[in-house]
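Hello,

Here is the structure for you to look over. My notes on it follow below.

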There are 2 protein chains.
Amino acid sequence: MFHAFTFLKGGRFYSSLTVKSLYEQVHHTSHDPISINGWIKSIRLLKRIAFLDLQDGTSVNPLRIVIPLTNTDEVQFLKILKTGQTLSISNATWQSTPNRKQPFELQIKNPVKSIKLVGPVSENYPLQKKYQTLRYLRSLPTLKYRTAYLSAILRLRSFVEFQFMLYFQKNHFTKVSPPILTSNDCEGAGELFQVSTNTSPTASSYFGKPTYLTVSTQLHLEILALSLSRCWTLSPCFRAEKSDTPRHLSEFWMLEVEMCFVNSVNELTSFVETTIKHIIKACIDNQQELLPKQFISSQENNASSELSINQETQQIKTRWEDLINEKWHNITYTNAIEILKKRHNEVSHFKYEPKWGQPLQTEHEKFLAGEYFKSPVFVTDYPRLCKPFYMKQNSTPDDTVGCFDLLVPGMGEIIGGSLREDDYDKLCREMKARGMNRSGELDWYVSLRKEGSAPHGGFGLGFERFISYLYGNHNIKDAIPFYRTSAESIDF
Amino acid sequence: MFHAFTFLKGGRFYSSLTVKSLYEQVHHTSHDPISINGWIKSIRLLKRIAFLDLQDGTSVNPLRIVIPLTNTDEVQFLKILKTGQTLSISNATWQSTPNRKQPFELQIKNPVKSIKLVGPVSENYPLQKKYQTLRYLRSLPTLKYRTAYLSAILRLRSFVEFQFMLYFQKNHFTKVSPPILTSNDCEGAGELFQVSTNTSPTASSYFGKPTYLTVSTQLHLEILALSLSRCWTLSPCFRAEKSDTPRHLSEFWMLEVEMCFVNSVNELTSFVETTIKHIIKACIDNQQELLPKQFISSQENNASSELSINQETQQIKTRWEDLINEKWHNITYTNAIEILKKRHNEVSHFKYEPKWGQPLQTEHEKFLAGEYFKSPVFVTDYPRLCKPFYMKQNSTPDDTVGCFDLLVPGMGEIIGGSLREDDYDKLCREMKARGMNRSGELDWYVSLRKEGSAPHGGFGLGFERFISYLYGNHNIKDAIPFYRTSAESIDF
């Protein structure tokens with residue numbers, strides 16, 4: 001007998017099989033009849049046999065069901081079936097097929113009795129068996145995750161989150177849930193969502209102060225790191241900026257890590273490299289269940305050809321292998337500017353001239369990772385004024401802070417981190433110079449440097465960017481189930 | 001040599017030891033000198049020896065460090081040390097102490113050289129070595145998690161989340177991240193937070209429609225379940241209600257599960273019982289690292305006596321054991337009303353008279369779980385009008401829906417779930433009768449019943465309530481790092 005659940009056999013327990021469970025038990029064949037539910041991916045009737053591919057969203061692989069046809073009733077019955085319908089199937093038998101594309105198939109003898117149509121579809125059900133563009137699929141928010149390509153992103157995201165969880169748990173990090181609602185307005189950065197109640201229309205009437213949605217949980221994480229030594233979170237963050245690019249969302253999830261007793265940026269970048277490589281290694285080890293056999297072209301408006309399907313799968317695997325096999329580069333911001341200047345002067349390449357003291361533009365980041373190093377690269381020690389107030393000031397070189405950005409080919413920055421200034425006086429001076437904390441609203445933060453402080457640092461990883469990068473999908477809208485951007489209304 | 005990280009040995013990797021790693025390696029003693037960082041929990045100087053207890057938040061156990069005193073310099077140096085300071089310790093040696101309370105201790109020979117004071121504390125550092133009330137600790141949001149009692153809740157929460165992750169992963173559930181921002185206003189329930197931008201003060205100017213913070217991700221989860229068969233999330237949810245009780249938060253995390261191909265409430269309750277028992281079993285198996293040796297009395301204003309400390313630890317263990325060993329009760333709402341009526345008529349017990357058709361009050365729930373059954377109890381099949389529009393109508397008994405609440409002693413309801421109405425016509429009729437979907441704003445939801453629908457259901461678990469319940473702490477404010485309630489302002 002097949003078991004969908006590991007922990008309790010039989011009984012009244014919810015125990016319907018999944019397609020994934022059948023694939024997991026390829027080597028435990030049995031002669032018990034199998035019941036399974038799912039959606040029709042495709043159905044093909046030949047003269048004496050029908051092929052039904054069933055999917056249930058738990059596996060990247062569909063389930064092949066073979067139905068020998070023995071009379072016209074059966075043919076008539078099967079002709080009603082079409083893509084998208086929900087079926088409940090019973091009395092199927094297992095057939096090992098080691099020489100075919102799929103390692104096994106199910107066979108049904110009496111389809112009229114064994115196949116129950118549970119959920120019909122409308123005449124114009126939009127997900128027919130053909131390639132659709134991502135742009136078209138995005139217009140179908142309630143149905144798009146029934147496609148192999150997009151459901152695979154969700155499973156990859158879930159898998160990656162699981163791997164992070166395992167990794168941090170083993171390394172003594174406590175997962176924490178810092179607040180989403182905060183009165184910390186990031187000093188008027190101008191890109192915040194403000195919260196009020198529908199019964200009390202003024203923003204301050206519920207919580208006593210203007211309340212915002214968090215843009216980063218870091219300041220709160222520092223409190224927790226100074227209690228727990230090591231903590232991490234995966235929390236929604238919000239930016240009200242108007243950027244509508246394939247790299248920006250108004251609501252996104254950020255994996256943030258904060259840890260005590262780190263004394264150098266190199267310790268941070270080593271930790272990041274080890275961590276990310278560990279996650280990618282797990283993806284490689286599980287690529288069979290993570291990568292779909294069918295790919296939609298990343299060319300947004302073209303349907304994929306068969307050629308590009310194989311190419312894309314291969315590209316992803318190669319990228320993953322390269323990522324864990326090579327040593328990632330590590331340069332200072334000052335080095336980066338030199339490289340960019342040289343390039344700029346030789347071929348007048350960039351829209352924005354690279355200049356020490358200015359932030360790196362996306363075009364600069366993409367050049368460094370995508371063209372110059374052709375690999376992930378840590379850029380460290382940015383000018384103090386390019387970065388937030390809380391970063392630890394370097395003793396040398398002058399006027400830089402102990403920080404890093406991780407740039408990756410194609411995507412640009414996906415991780416940013418730093419040591420935090422733990423010198424009370426330096427922190428106060430820096431905040432004063434920036435006109436911050438005038439009414440003492442950050443006194444709680446500064447006070448941490450007075451009571452059992454410790455050298456500490458951390459980083460934030462844009463989770464959708466990371467998932468998109470891993471999957472080779474270059475629009476992070478596809479890496480979150482329901483995306484929110486400034487350019488589109490929220491319909492539900 | 002001791003390794004704090006499992007995955008990479010030595011090198012430039014961030015690899016400082018944790019107290020937890022020392023406890024994990026009790027049976028791998030070595031003569032290498034040990035370096036470790038942490039905060040002073042207590043220090044005691046005797047004539048020829050000093051005892052230093054160090055904590056670093058990774059373990060429920062402090063680290064005992066023994067320092068033989070050989071000269072007055074050492075005594076003078078150690079006299080400066082006090083509770084709360086951050087230390088960096090090097091050149092400590094391992095001593096197995098199988099006959100003492102702790103299985104090992106570290107010894108330091110030359111404290112002046114081996115102990116570095118990294119972070120001082122102010123004169124009035126509030127966490128001295130004495131028992132504090134929870135009410136007092138809540139007034140110290142930046143420091144309170146340095147106490148053994150409250151840091152243990154955070155580690156328990158992290159552990160429980162980890163166990164859920166393992167469990168759902170093994171059972172083919174995809175973890176998903178449904179949106180926090182939504183235009184779904186739950187039909188004017190009047191308890192929503194509304195979102196605007198600080199640059200565009202009208203609520204609709206950014207996303208085109210009034211936008212709210214989600215109160216439950218269920219409707220979105222149904223979309224995903226109808227693609228993935230099984231999904232779950234742990235997401236922040238928001239209620240702007242004014243209730244300020246030990247059971248309510250304005251911002252809380254909800255674990256929500258949605259799964260296809262369930263046909264009865266019993267399948268749901270069996271799944272819930274199996275799941276929760278599995279999690280509690282994992283807690284029992286790891287109780288040594290989860291439960292602190294010191295407990296704060298749940299009597300909010302009294303400091304604990306030594307007696308109550310042991311009692312509370314024992315109570316928790318007993319509760320956990322009882323929970324997994326007994327079969328949880330399962331009664332219908334109609335049965336529950338009969339039980340409550342009998343009680344009410346016999347001893348005129350309740351403030352609210354129990355009456356078929358009325359919701360169960362907290363006093364009713366607490367009586368059923370806490371006094372009548374003295375165990376968790378599922379109450380199923382509530383009257384249709386006591387519950388939301390989306391619950392599946394029972395064919396019998398009349399006018400009830402296929403749903404359940406899980407009530408637990410002391411806490412009342414911690415889980416609510418149901419089958420979802422998958423009959424298109426019934427769902428439309430119900431919504432019309434309730435005056436819903438007048439402008440078609442829920443057409444997307446109804447349309448799911450037209451396109452490859454499936455029988456499905458799910459449930460939501462208030463995560464802070466569950467953690468509080470497990471820990472025997474009866475105020476969920478302590479189960480989330482920074483609580484938000486209607487009664488208190490958000491200071492940061």
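Helix 5 of chain A gives the largest share of the lining of the largest cavity, three residues. Helices here are DSSP runs (H or I, at least four residues), numbered from the N terminus. A cavity is a set of points on a 1 Å grid over the protein atoms alone where a 1.4 Å probe fits but cannot get out, and lining residues have an atom within 4 Å of a point. In all, 13 residues line the largest cavity, and A:Lys20, A:Thr58, A:Arg155, A:Glu289 and B:Gln169 lie nearest its centre. Helix 5 (148-170) and helix 8 (287-290) of chain A are the elements that give two or more residues to this lining. The volume is about 150 Å³, taken as the space filled by probe spheres set on the points.

The model is predicted: local features need pLDDT of at least 70, side-chain atom pairs need pLDDT 80 or more, and totals for chains, interfaces and linings use all residues. Residues are numbered from 1 along each chain, chains are lettered from A, and side-chain values use heavy atoms, without hydrogens or water.

Now the domains. An automatic or database assignment gives chain A domain 1 (17-124) and domain 2 (143-295 + 303-476). A:Lys20 and A:Glu289 form a salt bridge through their side chains at 3.2 Å, N to O (the rule: a side-chain nitrogen of Lys or Arg within 4 Å of a carboxyl oxygen of Asp or Glu).

Best wishes

Terms used:
1 Å grid on protein atoms, 1.4 Å probe; cavity = no way out; pocket = protein on both sides within 12 Å on 5 of 7 lines; lining within 4 Å.
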